[in-house]
Amino acid sequence: MWWKVLISLAAGGLASVIAKVANSEAKWQIGVGLFVSGCLLILQLLGDLIDQVRDFKAVLPQHHAQTQETIVRSFAEISEATRVYSEMERLPSDGVAALATSAVEVVSRGPDIMRRFAEELMRRLAADMDALKSGSVDCAGENHDWLLTLTDCATDSIDTTSTLSLVDRDFWHSGPADRYLQAQREAIARGVTVRRLFLVDDPADLNDDLRQLGLEQEELGIETRVLVRTRLPQNVRRGLVDEFIVFDKATCYEIEQDQLHVNISTRVRAHEDYVRLRTQRFAELWDVGVPTQTAGTPTGEPGAVGA
């Protein structure tokens, strides 16, 4: 800007000189110089203004597009936040609030190892929630927490198959089994039907130990039956005969074992078609099973276990 003023003053001075040469009076010389300087300065400013207007018009479409994009993105973020908030209202408010509050307190106040532990738990929870969106979640090994939680959440039925190898028989005398049976007992108390189908590989396994195990669970309100996997009737031989649990005919809990009967992974699946097939399969196997208390006795039903 300063150089434009200098140019205007120089032009005004030149005009004064010309006016002097033309024998004009002194005051008119000064007036002419100032007038010319002012006019020139105004013309330069007008030129700058025109250039600025031209530049502004050139960038206006881009600015308009950026502004529109910002507005659209902002509304999208607001819409997403509203949707998330609306979905969160369906969650138990006390549980969500307690989780958030506890996480903040641990992360901000706890020792470093507790902070890292809390962060890892949050990451695992987020990963499980993300997996559940697809209707299936997996974890390594056997997850008793999932089993107990599903049992606590059941409102209608729990249909479970249980193999009775040597390893599996030991399970029923363990601490996890006590907690599991207690959870099932509480489920029965609130009106849930619990059925357990014991699976054995050899008719010789239909013995007093099995009948005692069945009696103990029946005293808790659990309905029990048993069948020999290697001697199934012809009409149900096709299809898997392994361990699974169907909760409320809507969710299936499964444990995968290796050849040594070691539990290597746990899966929870809620895919409608898959759960329907599992529910149907349990019904087929249950129908050919025999009451545990009569299995292997002269009063049993040998045909029902594939004799």
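Guide: Of the 307 residues of the protein, 31% count as buried, where buried means under 20% relative accessible area with a 1.4 Å probe, protein chains only. This is a predicted model, in which local features need pLDDT of at least 70 and side-chain atom pairs count only at pLDDT 80 or more, while totals for chains, interfaces and linings use all residues. Residues are numbered from 1 along each chain as its sequence is written, and side-chain values use heavy atoms, with hydrogens and water left out.

The protein contains nine helices and eight strands, taken as DSSP runs numbered from the N terminus, with at least four residues (H or I) for a helix and at least two (E) for a strand. Eight strands form an open sheet with mixed pairing, in the order E1-E7-E6-E5-E2-E3-E4-E8. Strand E1 (136–140) and strand E8 (290–291) stand at the edges with a single partner strand each, so one side of each lacks a neighbour in the sheet. Two strands count as paired if DSSP finds at least two bridges between them. In general, strands of a sheet pair through backbone hydrogen bonds, either parallel or antiparallel.

Five of its seven residues are buried, so E6 is largely enclosed by the rest of the structure. Strand E5 (residues 245–247) pairs with E6 in the antiparallel sense over three bridges, and valine 246 has cysteine 252 in E6 as its bridge partner. Three residues lie between the strands of this hairpin of E5 and E6, where aspartate 248 takes a positive phi near 55°. E6 is also joined to strand E7 (residues 263–269) by six bridges, and these two strands run antiparallel. Here glutamine 257 stands opposite asparagine 263 in E7.

Elsewhere in the sheet, strand E2 (residues 157–163) and strand E3 (residues 193–200) run parallel and are joined by seven bridges. Threonine 161 stands opposite leucine 197 in E3. Helix H8 (residues 208–218) packs on the sheet and touches both E3 and strand E4 (223–228), its direction making about 170° with that of E3. Contact means heavy atoms within 4.5 Å; the angle, on a scale from 0 to 180 degrees, is taken between N-to-C directions of lines fitted to C-alpha atoms, for helices over the stretch in contact.

As for the protein as a whole, residues 24 or more positions apart account for 73% of the contacts with a separation of 6 or more.

Definitions and conventions:
Buried means under 20% relative accessible area, exposed over 50%, partly exposed in between (1.4 Å probe, protein chains only).
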